Amino acid sequence: MERAVRYILSHLPHHPTAGQQNACRAVAEFLYDPDPASAFVLKGYAGTGKTTLVGALIRSAPALGLKTVLLAPTGRAAKVLSSLSGRKAGTIHKKIYQTATDGSGALRVVRAPNKHSYTLFIVDEASMIGLADELSPSSRSLLDDLVGYVAGGSHCRLMLIGDSAQLPPVGAPESPALDIDFLQAATGLKVRTAELTEVVRQGKSSGILYNATLLRSRIAALAEGEAPQLPLFDIEGCDDIVRLSGADLEETLNRAYGPGPESAAIVTRSNKRANLFNQEVRNRILCREEEVNAGDYLMVVRNNYYWLEPDSEIGFAANGDIVEVMAVRHRRQLYGFHFADAALRFVDYPESPAIDCKLLLETLHSESPSLTRQESQRLFDGVMADFADLHSKADRMAALRQSPYFNALQVKFAYALTCHKTQGGQWDTVVVDQGCLTDDMVDRDYLRWLYTAVTRATRKVYLLNFADRFFSTPAAQ
């Protein structure tokens, strides 16, 4: 075991922090634990070197007789993990699920068999893994299916990585995959853990990380029952995190989007605010005139496995995938909805060819995350009416499942997004829109939202219309 510790630490690009040394020892103990029903959770704040340590583990794995598979909840998060670790990463869904047909010929999703042996499955951004998932083929959760998939291999183990200060899955008070007590009780695994707290690049030279650490300390204080305290930011002397007024927003966005539509993102607290920003960015910054144009960047907002071949690298269009519109062809109004034929390129899979599909345009402007239940029912009823001449319900349902209109891709513009939609991704420039906020709304949930939003940026954060009371130094007059 000592050899493994030394070997992993030797692959770090810098002298390890005390926290990294302790975490490395805990990882080695986990790898050499004879109990097969064991897992490891590595938690850490932004900038504490989680991914750096994981990269060292990956590079050490062959010498330790270990194979590794890198996974993340979304294609964007997998792309970030790949760039930081130097190894290809994929999505959890693509890895653990496959499509199959049932007795009636209907397509369904099932958990795939794990054919790996002596493999460590490393899953980043585990705070995003929830207990409810629209693709899960049973009443079990994505977390259950992930644990079950790994356990199905020969001598395979699971390592979960995440930041407990980030937003938990929608509707959950905490992230179940990072909650050690819950994880052990729910899965029966013996869970070892380590947490990194020392920021590797501390100080005002990295204002983003410096202020993220301040926010993290406020979150920890609230968790201990302390009252919320202002200010939240200390940005004096910081070049990479600055205040922004509405009057300067257009000029700032022109610079931010100069390298391309994927280089910047606006983080909002509601789909309504995101819609407003998206329209302004398209009209005033990108000069788009049609409802959707070639060159637009969209985010898939509901899992869809109709348009992609099962053997494609992408697998299926997953909630959170970002696509670029390469061409827009025919538009049609049907069943009370608007559709467009489009060619799409998946941004996080640059080597995969573009696909042709139908877009459902209503979700572009909807204030709900995707079609509401009532809208989905209306689309279902409209498409089913086309097959009323089929004699059996089974035949009508089979025809429905093959309808390109019923399976139209649900998307939103990807310039301004809610914080949950940005989770797992990174952009050069991030504009954080505070929106309407009163002091009584500055609670732990809001601070986790703010921490997650700020840490989406790699180069620059703009804090839009934040009040003076949030800063240690008032704005210059």
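Modeller: This is a predicted model. We can start with the second largest cavity.

Biologist: Which helix gives the largest share of the lining of the second largest cavity?

Modeller: Both α2 (18-31) and α3 (50-60) supply at least two residues of this lining. The largest share is 3 residues, and the helix that gives it is α3.

Biologist: What volume does the largest cavity have?

Modeller: The structure holds 2 cavities of 30 Å³ or more. For the largest cavity, the volume is about 70 Å³.

Biologist: Which element gives the most to the lining of the largest cavity?

Modeller: Three elements each supply at least two lining residues: α10 (271-285), β15 (409-413) and β16 (416-418). Among the lining residues are Asn271, Ala274, Asn275 and Asn278, along with Lys412 and Phe413. The most, 4 residues, comes from α10.

Biologist: How many charged residues are in the lining of the largest cavity?

Modeller: The lining of the largest cavity includes Met299, Val301, Leu417, Thr418, Lys412 and Lys421. Lys counts as charged, whereas Met, Val and Leu count as nonpolar. By class, the lining has 6 nonpolar and 4 polar residues, and the charged count is 2.

Notes:
Residues numbered from 1 in each chain as written. Predicted model: local features only at pLDDT ≥ 70, side-chain atom pairs only at ≥ 80, totals over all residues. Heavy atoms only, no water. 1 Å grid on protein atoms, 1.4 Å probe; cavity = no way out; pocket = protein on both sides within 12 Å on 5 of 7 lines; lining within 4 Å. Points joined across faces, edges and corners; volume = space filled by probe spheres on them.
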